[in-house]
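Hi there,

Here is the structure I promised to pass on. Have a look at it first, and my notes on what turned up follow below.

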Amino acid sequence: MNSTRRITSTAAIAATVLLAGGLAGCSGGDDAGEGGGDGGGLEDSYTVATDTSFVPFEFQEEEGGDYVGFDIDIINEIADRVGFEIELETTNFDGIIPGMQTGTFDIAIAGMTITEERRAAVDFTSPYYKSGLRIGVPADDDTITSIDDLEGKTIATRLGSTSANYIEENIEGATPNTYEQLDQAYLAVEGDGADAVLYDAPNVEYYILTAGEGKLKTVGELIEAQDYGIAVGKGNEELVTAMNESLAEMIDDGTYTEIFKEWFGEEPEWLDDLAASQD
């Protein structure tokens, strides 16, 4: 898939700038009702926020290069089908929702788990990926084999993530070490700065197969089933509906599976459940 065919610009946004903004409602462009989509009230283009290092969902192939990944291909395909252009902007994960609340971003796709807390700030499409949390530990560590063994440990994860909340609420005596960049969490474990990493399963597994090969390993069972959704500014029901329809079509006609296999090497085992979860 051509990961950049619909992107018209790329910019780096500092999370600190986003967090400084007020909580104004999310707004679109100036051409409401004149967009190229089939919905009539859709815009010609939308600003789409994504993360900077959630491999293989979104990442930069090389310094100064384009952003690619599973999420990038998914949002490009949806944009093609609905009929809008993308202005892609990148930020740290914890800056995405504040940026949407200030109107800086219209849409966000960044492996974002759908939660009730986040629903209070943004709207979500139907799920586009089913995930959970996975534990990673040093390859030579035999003392941690399950979630129970993380009690009282220092656990690396990402700032603003559901895994950070999970550590605080469910693992007794554990200390969450949170990082803006995900690679910092993995390096903390490799450098003895943390006992384990807890984060979204596909990213932990991908890292261990690539940069972390021979350094880290996964242990224990998948924790907490999660659904990823595409975030949309509050109140834009027409855009959510149009994106949901396109996503359902992609799943039905095999395009979703084609994109998935490109990035994960196999068909999703939960495809039927994903199809059933579409609105």
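Buried residues account for 51% of the 279 residues in this protein, which is a predicted model. The chain holds 10 helices and 14 strands. Of the contacts with a separation of 6 or more, 72% are between residues 24 or more positions apart.

On to the interior. In soluble globular proteins, nonpolar side chains tend to be buried together. The largest nonpolar core here has 52 residues, and the members that touch the most others are Phe70, Ile74, Ile107, Tyr128, Tyr129 and Tyr256. Beyond its neighbours within four places in sequence, Ile107 is in contact with partners including Tyr46, Val48, Ile75, Phe84, Met100, Ile230, Leu239 and Met243. Thr47 is also among the contacts of Ile107.

Next, the pockets. The largest pocket has a volume of about 500 Å³, and 22 residues line it. Nearest its centre lie Tyr129, Glu205, Phe260, Glu266 and Trp270. Two or more lining residues come from each of strand 9 (129-138), helix 7 (201-209), strand 13 (216-228) and helix 9 (255-264). By class, this lining has 12 nonpolar, three polar and seven charged residues.

Helix 5 supplies the largest share, five residues. The lining divides into three nonpolar, eight polar and four charged residues.

Is Asp253 buried, partly exposed or exposed? Its relative accessible area is 45%, so Asp253 counts as partly exposed, a class that runs between the 20% and 50% limits. The side chain of Asp253 makes two polar contacts you can look up: one of 2.9 Å with the side chain of Arg81, and one of 2.7 Å with the side chain of Thr255.

Happy browsing, and do write back with any questions.

Best wishes

Methods:
Residues numbered from 1 in each chain as written. Predicted model: local features only at pLDDT ≥ 70, side-chain atom pairs only at ≥ 80, totals over all residues. Heavy atoms only, no water. Core = buried A, V, L, I, M, F, W, Y, C linked by side-chain atoms within 4.5 Å. Buried < 20%, exposed > 50% of the residue type's maximum accessible area, 1.4 Å probe, protein only. Contact = heavy atoms within 4.5 Å. Polar contact = N/O pair within 3.5 Å; in protein donor to acceptor, adjacent residues only side chain to side chain. 1 Å grid on protein atoms, 1.4 Å probe; cavity = no way out; pocket = protein on both sides within 12 Å on 5 of 7 lines; lining within 4 Å. Points joined across faces, edges and corners; volume = space filled by probe spheres on them. Helix = DSSP H or I, 4+ residues; strand = E, 2+ residues; numbered from the N terminus. Nonpolar A, V, L, I, M, F, W, Y, C, P; charged D, E, K, R; others polar.
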